[in-house]
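Subject: Structure handover

Hi,

Here is the structure I promised to pass on to you. Have a look at it below, and then read on for my notes.

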Amino acid sequence: MTTGAKTGGGSHLSARERLLDAASELFYREGVHTVGIDRVIAQAGVAKASLYNTFGSKDELIRAYLVEWHERWKRRIVQRIAKDDGNPREQLLGVFDALHDSFTEPEFRGCAFVNACAESAPGAAAEEAADVGRAWVRSIFTELGKAAGASAPEHLAAQLVLLYDGATVAARMDRDPAAAAVARGIAAALVDAAIAA
């Protein structure tokens, strides 16, 4: 769940792309409110007016960063579960394999949504963006649970989201990428029980 930002301020990138790249790297590594807009602007190599003309405010830059982060993460999960095309049970477990891959990256700093929401007030742009991302995670678990034949796919999805969240927090706080493998093992038992019910 790392950023995958491509900073460097290359002249072939638009001001919007350079701002998002800089924000993605700095916000994920250091925090959305710890990093001031002047640092983002300096790293992006754009004028201050570019930020306000493009995003309107820092809050909207935070929202755009989280939306882009989610889109990258969503693509990563979809690509991972596509490896098990036709096997919904393995696709469900493949989400935890995607987590493991993310946890082993040197720049892993936990979930961008959790990090940003911890710094933000209720109802802020970060929380709104996180709500969309989390709804997608629940929906992918629900859809795959239905496809796998789970008797109560929404209940299974709720259980798997808790495992997903717990593994992410444990991997960050304990600096232990093996949390994904532990969560995957528990998920396999839950999925099998839900299919057999």
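Let me begin with R16, which sits in helix α1, the helix of residues 15-30. Please keep in mind throughout that this is a predicted model. R16 has a relative accessible area of 42%, so it counts as partly exposed. Leaving out residues up to four places away in sequence, R16 touches T54, F55 and A64. N53 is 37 residues from R16 in sequence, and the two C-alpha atoms are 9.6 Å apart in space.

From there you can move on to S57, in the loop that joins α3 (48-54) to α4 (58-82). Is S57 buried, exposed or partly exposed? Its relative accessible area is 23%, so S57 is partly exposed, the cut-off for buried being under 20%. The side chain of S57 has a polar atom 3.2 Å from the backbone nitrogen of E60. Apart from neighbours within four places in sequence, S57 is in contact with L51 and Y52. S57 and I37 are separated by 20 residues in sequence, while their C-alpha atoms are 9.4 Å apart.

A44 belongs to helix α2, which covers residues 37-44. With a relative accessible area of 3%, A44 is buried.

Next comes Q91, in helix α5 (residues 88-103). Its relative accessibility is 11%, and therefore Q91 counts as buried. What does the side chain of Q91 reach? It comes to 3.2 Å from the backbone oxygen of I81.

Just after α7 you will find G149, with a positive phi of about 90°.

Now for helix α8 and a residue in it, E154. Setting aside neighbours within four places in sequence, E154 has contacts with T142 and K146. A42 is 112 residues from E154 in sequence and 46 Å from it in space, C-alpha to C-alpha.

I have kept the pair α8 and α9 for the end. Two packed helices are described by the angle between their axes and by the distance between those axes. Helix α8 (residues 153-173) packs with helix α9 (residues 179-196) at an angle of about 170°, and the axes are 9 Å apart. The two helices are therefore roughly antiparallel to each other, as angles over 145 degrees count as such. Which residues make this contact? From α8 they are L156, Q159, L160, L163, A167, A170 and A171. From α9 they are A179, A180, A183, I186, A187, L190, V191 and A194. By type, the contact of α8 with α9 divides into 14 nonpolar residues, one polar and no charged.

Finally, take a look at the loop between α8 and α9, where R175 lies. R175 is not a glycine, although its phi is positive, at about 50°. With a relative accessible area of 65%, R175 is exposed.

That is what I have for now. Enjoy exploring!

Best wishes

How values were computed
Residues numbered from 1 in each chain as written. Predicted model: local features only at pLDDT ≥ 70, side-chain atom pairs only at ≥ 80, totals over all residues. Heavy atoms only, no water. Axes fitted to C-alpha atoms, helices over the stretch in contact; angles between N-to-C directions. Helix = DSSP H or I, 4+ residues; strand = E, 2+ residues; numbered from the N terminus. Parallel < 35°, antiparallel > 145°, perpendicular 65-115°, else oblique. Contact = heavy atoms within 4.5 Å. Nonpolar A, V, L, I, M, F, W, Y, C, P; charged D, E, K, R; others polar. Buried < 20%, exposed > 50% of the residue type's maximum accessible area, 1.4 Å probe, protein only. Polar contact = N/O pair within 3.5 Å; in protein donor to acceptor, adjacent residues only side chain to side chain.
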